[in-house]
Amino acid sequence: MPTARPMSKKKMMNTLPLGVGLYLIIVGGIVWLAYSGAQQMGYNWQWYQIPKYIYTFTDDGFQLGEILKGLWVTIVLSVVSFTFATVLGLGIALLRLSGLVVGKGVAIGYLEFIRNIPLLVLLYLFYYVLGPVFGFDRWSAAVLTLGVFHSALISEIFRAGINSVDKGQWEAAASIGMSRGQAYRYIILPQSVRFMLPPLFGEFVHLIKSSAIVSVIAVAELTTIGRNIISDTYMSFEIWFTIAAVYLALTLVLSFGVSALERRFQP
Amino acid sequence: MTRKTIIVAENIDKFFGDFQALTDINLQIHQGERVVVCGPSGSGKSTLIRCFNGLENHDAGTLRVNDIELHEDVPKIRQLRQDVGMVFQQFNLFPHLTILENLMIGPMKVRKLGSQQAEALARKYLERVRIPEQADKRPAQLSGGQQQRVAIARALCMEPQVMLFDEPTSSLDPEMIGEVLDVMVELAETGMTMVVVTHEMGFARKVADTMVFMEAGKIVEVSPPETFFTNPTSARARVFLDQILDH
């Protein structure tokens, strides 16, 4: 929803060179500061070492490097956790909207519990406490932690989306004899998707970023790979810059995807 | 003449918190009867007809609609709603579906008809409300009058025994009221049982068998339109009629 009046295209084109120039100066400044700082402490840059961690091309053909393998694990972990979080979040939202006192109480208790525990502590709970009790491996502990943590916000996204549908829609659905379940499925949820998709994808990007935390229990995702390479090579500057760039590339691609989706879902 | 009674209300009370919206309502509506409910704003007209299909639950008294006793027995209320069509002031069409889909979804998902049967039914009633050419549009592309006619067709697709109208023309531009009332008059001519909350007294005069006048949650007067419009028994109805007819 545009609140301020958007600039005209012509005006935007006029300010574009200035904006790009300013941007380059600022970015250049930051790079120069980092570089000169590194020089001063006598850091030995070894950028030429990096490509082999991304991919190699040998007689056996193209091979993924460790970083891309880590990226793949991050993507799979995020998708699995997000799916779990979405299902859980929808359940919590429906429970909260059910009108049952018990359901509402359980849902609110769950939300408050999850929202007020740091992600790292939640991870330790799943891995060190519930893991041994229920026999989770690292991967399950990671998925459960991320899923449970993000289900809290996702359930609020669902709730807001469902509540944004006019009450008259419920009444119209009821008046033709639909059950509550049918009204949700055929009338309410299809209309709230439009409200929910943009924040849901935002939450997915958020989840990708918070998935880095599972490196503390050594799930072999992108951040863990970065740590492993550094412990072998001591190239912390190059590797962390590279890892950051990979995360940035992934989330930027997704963000562009989201804006495309948003445009498609405009009524 | 012994016609079946479709709606029997006995001593109905309804509260919203501390506010008593309906007080001791007694009313019988017979099959084929056209009842127009009128009265000042806030007199409980809408609340009353919303009780007739269980959108509101009454707090005391008994209400029987089409031989089903209304209390909070959910499956039965759903059964009942298939037999009681409702048209809302704000149309409440489903904006994400086309007009045809709006009409088909009830027959398909609730009455479990096949899609061909449901489509035939939908096209028949679109024809009846005279907008067959709008079938593939979305509600937002239609005028208010057309939307309300679609809403009437949507209710008719459930092939109900009774149709409830909750101020069906109150949110329409004046030039669109006629087309909706025409459809309603035609519906009345088919012998449909209708309960209409409206301020359209011309319509009431034309189709009503019975006028119900409400004030402050009570039924003040029930009389045939000839009596009601010329010689209302209650003083309050007389004042109300003076106010809305003299302009």
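Visitor: What is the hand of the crossing of α3(A) and α4(A), left or right?
Guide: Left-handed. In such a crossing, the near helix is turned anticlockwise from the far one by less than a right angle; clockwise would be right-handed. This is a predicted model, where local features need pLDDT of at least 70, side-chain atom pairs count only at pLDDT 80 or more, and totals for chains, interfaces and linings use all residues. Residues are numbered from 1 along each chain as its sequence is written, and chains are lettered from A and ligands numbered from 1 in the order in which they are written.

Visitor: Why is α3(A) called oblique to α4(A)?
Guide: Their axes cross at roughly 135 degrees and come within 7 Å. Under 35 degrees is roughly parallel, over 145 roughly antiparallel, 65 to 115 roughly perpendicular, and the rest oblique. The angle of roughly 135 degrees falls in the rest, so α3(A) is oblique to α4(A).

Visitor: Which residues of α3(A) meet α4(A)?
Guide: Ile92(A), Leu95(A) and Arg96(A). Their partners in α4(A) include Gly103(A), Val106(A) and Tyr110(A). Contact means C-beta atoms, placed from the backbone, within 7 Å.

Visitor: What makes α6(A) roughly antiparallel to α8(A)?
Guide: Helix α6(A) (138–163) and helix α8(A) (180–210) pack at about 155 degrees, with axes 9 Å apart. That angle is over 145, so the pair counts as roughly antiparallel. The crossing is right-handed. Among the contact residues are Leu146(A), His150(A) and Phe158(A) of α6(A), and Phe195(A), Met196(A) and Pro199(A) of α8(A).

Visitor: How do you know how α9(A) and α10(A) are oriented to each other?
Guide: They pack at about 165 degrees, with axes 9 Å apart. They are therefore roughly antiparallel. Their crossing is right-handed. Leu222(A), Gly226(A) and Ile230(A) of α9(A) are among the residues in contact, as are Trp240(A) and Tyr247(A) of α10(A).

Visitor: Which residues of α9(A) are called buried?
Guide: Leu222(A), Thr223(A), Ile225(A), Gly226(A) and Ile229(A). Buried means 20 or more other C-beta atoms within 10 Å of the residue's own; exposed means 12 or fewer. They cover an arc of only 155 degrees around the axis, which puts them on the same side of α9(A). What covers them includes α2(A), α3(A) and α10(A). On the other side, Ser231(A) and Asp232(A) are exposed.

Visitor: How does the span of α9(A) compare with the expected one?
Guide: Its twelve residues (222–233) reach 16 Å, close to the 16 Å expected at 1.5 Å a residue. Just after α9(A), Tyr234(A) takes a positive phi of about 60 degrees.

Definitions and conventions
Helices (H or I, at least four residues) and strands (E, at least two) are DSSP runs, numbered from the N terminus. The expected span of a helix is 1.5 Å times one less than its number of residues. The arc is that of the directions from the helix axis to the C-beta atoms. Two residues are in contact if their C-beta atoms, placed from the backbone, lie within 7 Å. Axes are lines fitted to C-alpha atoms, for helices over the stretch in contact, and angles run from 0 to 180 degrees between N-to-C directions.
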